Amino acid sequence: MQITVLVRNPLKGVANPATLHYTEVPERSSLEAKFGWLHELGDVTSDGFEEVPINDAHDWINQTDGSFETLLPVCRLARQVTGEEMVGSHALGVATNCDDYVYSFSRDALIQRVRSLIDAYELARELHELGEPLEAVTGSDSLSEIKWTDTLKQSLKRGHRIYFDESRIREVLYRPFTKLWLYEDDRILSSVRTISRMFPRDTAEPTGGGGVLVSHTRQLPFGVMATDRLFDLCATGRQTRYLPLRRS
């Protein structure tokens with residue numbers, strides 16, 4: 001909880017930054033102590049306020065000395081940002097947008113499920129080639145067979161034929177300490193190419209010799225796991241990025 005008082009100075013233009021004064025109640029104060037502190041503080045002209053200096057990062061509490069910005073970043077996420085970094089090759093995990101159709105604890109169940117999806121896709125592709133509109137052939141509400149994701153629609157627009165290939169089935173890390181079978185096909189999955197190149201199917205060892213999965217959001221603290229296998233986008237419970245142990 002905080003109390004904010006904003007006072008506009010008509011003598012200052014919009015180009016002039018405001019002056020910030022700040023104070024805080026002593027930590028672990030009781031409710032009675034907090035009210036007493038407020039009474040003692042008085043009003044906004046009190047000497048108990050300190051003026052907060054302005055810095056380039058717009059920090060106003062817990063200001064640093066700025067040395068963090070001089071450290072070498074582990075990786076850079078924004079494509080437009082260039083500069084030296086520790087790891088140049090990194091990627092997010094597999095994004096499917098159709099988990100129920102391409103993941104399973106049972107390999108046999110996955111084969112049956114993927115075959116049904118491919119059969120439904122191929123039927124739609126043939127009808128589209130015969131002149132049926134894309135909206136008509138992808139408007140099926142038979143979710144037991146197929147879910148028309150943007151990736152599948154793009155594959156159909158390009159006329160890609162999809163054949164079932166059992167060698168595309170691989171065991172992946174789906175969630176912490178949970179492995180599932182995945183049917184890996186970039187004509188079906190929403191995002192898989194970049195991370196698949198780091199975990200090729202034809203070798204037991206990933207490029208970079210394995211690595212760590214890192215994740216961080218504003219809602220959840222930083223998390224990290226080690227892995228030597230392909231993994232889902234939310235393998236750590238939220239959006240997950242792979243950093244190889246060795247530079248490639």
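Predicted model: local features only at pLDDT ≥ 70, side-chain atom pairs only at ≥ 80, totals over all residues.

Reader: Which residues form the nonpolar patch on the surface?

Author: They are Ile-3, Val-5, Val-7, Leu-31, Phe-35, Leu-38 and Val-44, with about 750 Å² of accessible area together.

Reader: Why is Thr-45 called exposed?

Author: Set its 63% relative accessibility against the cut-off of over 50%, and Thr-45 counts as exposed. You'll find Thr-45 in the loop between H1 and strand S2 (50-52). Its C-alpha atom is separated by 9.7 Å from that of His-21, 24 residues apart along the chain.

Reader: What about phi of Arg-28?

Author: Phi of Arg-28 is near 60 degrees, which is a positive value in a residue other than glycine. Arg-28 sits in the loop between strand S1 (20-22) and H1. At 87% relative accessibility, Arg-28 goes in the exposed class, since that class takes values over 50%.

Reader: And what is phi of Asn-97?

Author: It is near 65 degrees, again a positive value in a residue other than glycine. Asn-97 lies in the loop between strand S3 (91-92) and H2. Its relative accessible area is 51%, and exposed means over 50%, so Asn-97 is exposed.

Reader: Now for the inside. Which residues touch the most other members of the largest nonpolar core?

Author: Ile-188 and Ile-195 do, in a core of 41 residues. Several elements each supply at least two residues of this core: helices H2 (99-102), H3 (107-129), H4 (134-137), H5 (150-157) and H6 (193-198), along with strands S5 (169-175) and S6 (178-183). H3 gives the most, with eight residues.

Reader: What does Ile-195 touch?

Author: Leaving out residues up to four places away in sequence, Ile-195 touches Ala-91, Leu-92, Gly-93, Val-94, Leu-230, Phe-231 and Tyr-242. Helix H6 also holds Arg-193. At 55% relative accessibility, Arg-193 counts as exposed, because the cut-off is over 50%. Arg-193 and Gly-93 are 100 residues apart in sequence, yet their C-alpha atoms are 9.9 Å apart.

Reader: How do you know that the length of H3 agrees with what it should span?

Author: At 1.5 Å a residue, the 23 residues of H3 should span 33 Å, and the end C-alpha atoms are 33 Å apart, so the two agree.

Reader: Which residues of H3 are buried, and what do they pack against?

Author: Leu-110, Ile-111, Val-114, Leu-117, Ile-118, Ala-120, Tyr-121, Glu-122, Ala-124 and Arg-125 are buried. The buried residues of H3 pack against H2, strand S4 (103-104), H4, H5, S5 and S6.

Reader: What makes Glu-122 and Arg-125 a salt bridge?

Author: The closest N and O atoms of Glu-122 and Arg-125 are 2.6 Å apart, and the cut-off is within 4 Å, so the pair qualifies. Both lie in helix H3, three residues apart, about one turn of the helix. An α-helix has 3.6 residues a turn, so residues three or four places apart point the same way.

Reader: How many salt bridges are found in the whole structure?

Author: A search finds 10. Another one joins the side chains of Asp-232 and Arg-175, at 2.9 Å from N to O. Asp-232 lies in the loop between strand S8 (223-227) and strand S9 (241-244) and Arg-175 in strand S5, so this pair ties together parts that are 57 residues apart in sequence.

Technical notes
Residues numbered from 1 in each chain as written. Heavy atoms only, no water. Patch = residues over 30% accessible without salt bridge, like charges linked within 9 Å, V, L, I, M, F, W, Y side chains within 5 Å. Areas by Shrake-Rupley, 256 points an atom, 1.4 Å probe, with all protein chains shown as cover. Core = buried A, V, L, I, M, F, W, Y, C linked by side-chain atoms within 4.5 Å. Buried < 20%, exposed > 50% of the residue type's maximum accessible area, 1.4 Å probe, protein only. Helix = DSSP H or I, 4+ residues; strand = E, 2+ residues; numbered from the N terminus. Contact = heavy atoms within 4.5 Å. Expected span 1.5 Å × (residues − 1).
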